[in-house]
Amino acid sequence: MWFVVSFLFILIANPVFAGAWAREKGQVFIASGGNFLLSDGAQLPVHYDPTVYLEYGLSDLLTIGGDYHTADQGRINTGFVFARFPLGDPTATHKFAASIALGARVDALNPMEKLMKGGLSWGRGLETGWLAVDYSATYGDIDQVFRSKTDFTWGYNLSERWTTTLQLQTGEGFTDDFYAKVSPSILFMVNDRYRISVGAVQALTGDNGSALKLDLWTTF
């Protein structure tokens, strides 16, 4: 029931965490957090999944950053550094961007695997929010397989301080399984620098596990 109630709140006017929009020159954005209060038996694709994500506006047209997260019940650690740049007119109604990333994946049973990732993003601002689609494909030098991931996001601004987010996350897991999960959140702007995001994540595949999630967003 809590999932259905959360699902009804949906998403955000100024896309704080969306790939189609460039970070302002000199601006830093950090998002960190993870899941808690897992449902009984929740292991794949929903687990504690700690994440740290960083963006920096190197110029008005180039955003660089880093991304670290765990997967597969915390057994696999993955990190990337990336660069993202707009495709076409960044002031157009429909915004497009591309990204390239280099990284590595580490787990206890296998040697470190070097990774390359390419991504495409689309976004559009709405009168009361925004829409975004972020696609990426990751290639590893050991397994030599392209693994795709697509996130669909909708946003709505409730007030100057309150925002909601809804995201459908889909992709191919490390063991060649397809996963899908939905994650609604509500954000509170503490001040110009900090936002707190509280939400939920519900797996639509695997063991259909669920969890609550907590993230801190920092911009300066």
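View 1. F36, L37, V190, Y194, I196, V198, L214 and L216 make a nonpolar surface patch of about 640 Å². Two elements give two or more residues to this patch: β11 (194-203) and β12 (210-219). Strand β11 supplies the largest share, three residues. The model shown here is predicted.

**View 2. V198 in its strand.** V198 lies in strand β11 and belongs to the nonpolar patch.

**View 3. The salt bridge between E55 and R23.** Side chains of opposite charge can pair when their charged atoms come close. The count for this model is nine salt bridges. In one of them, the side chains of E55 and R23 meet at 2.8 Å, N to O. E55 lies in strand β2 (residues 51-59), while R23 lies in the loop between α1 (2-7) and β1 (28-36). The pair therefore ties together parts that are 32 residues apart in sequence. Both E55 and R23 are buried.

**View 4. R147 and its two partners, D143 and E172**. The side chains of R147 and D143 meet in a salt bridge of 2.7 Å, N to O. R147 counts as buried, at 10% relative accessibility. D143 is partly exposed, at 25%. E172 also forms a salt bridge with R147, at 3.9 Å, N to O. E172 sits in strand β9 (residues 162-172) and R147 in strand β8 (residues 146-157), so this pair links parts 25 residues apart in sequence. E172 is partly exposed, at 27% relative accessibility.

**View 5. A salt-bridge network.** Shared partners join R105, E113, D143, R147 and E172 into one network of salt bridges.

Note on methods
Residues are numbered from 1 along each chain as its sequence is written. This is a predicted model: local features need pLDDT of at least 70, side-chain atom pairs count only at pLDDT 80 or more; totals for chains, interfaces and linings use all residues. Side-chain values use heavy atoms; hydrogens and water are left out. Patches are made of residues with over 30% relative accessible area and no salt bridge: like charges are joined within 9 Å, nonpolar side chains (Val, Leu, Ile, Met, Phe, Trp, Tyr) within 5 Å. Accessible areas come from the Shrake-Rupley method with a 1.4 Å probe; for residues, only the protein chains shown count as cover. A salt bridge is a side-chain nitrogen of Lys or Arg within 4 Å of a carboxyl oxygen of Asp or Glu. Helices (H or I, at least four residues) and strands (E, at least two) are DSSP runs, numbered from the N terminus. Buried means under 20% relative accessible area, exposed over 50%, partly exposed in between (1.4 Å probe, protein chains only).
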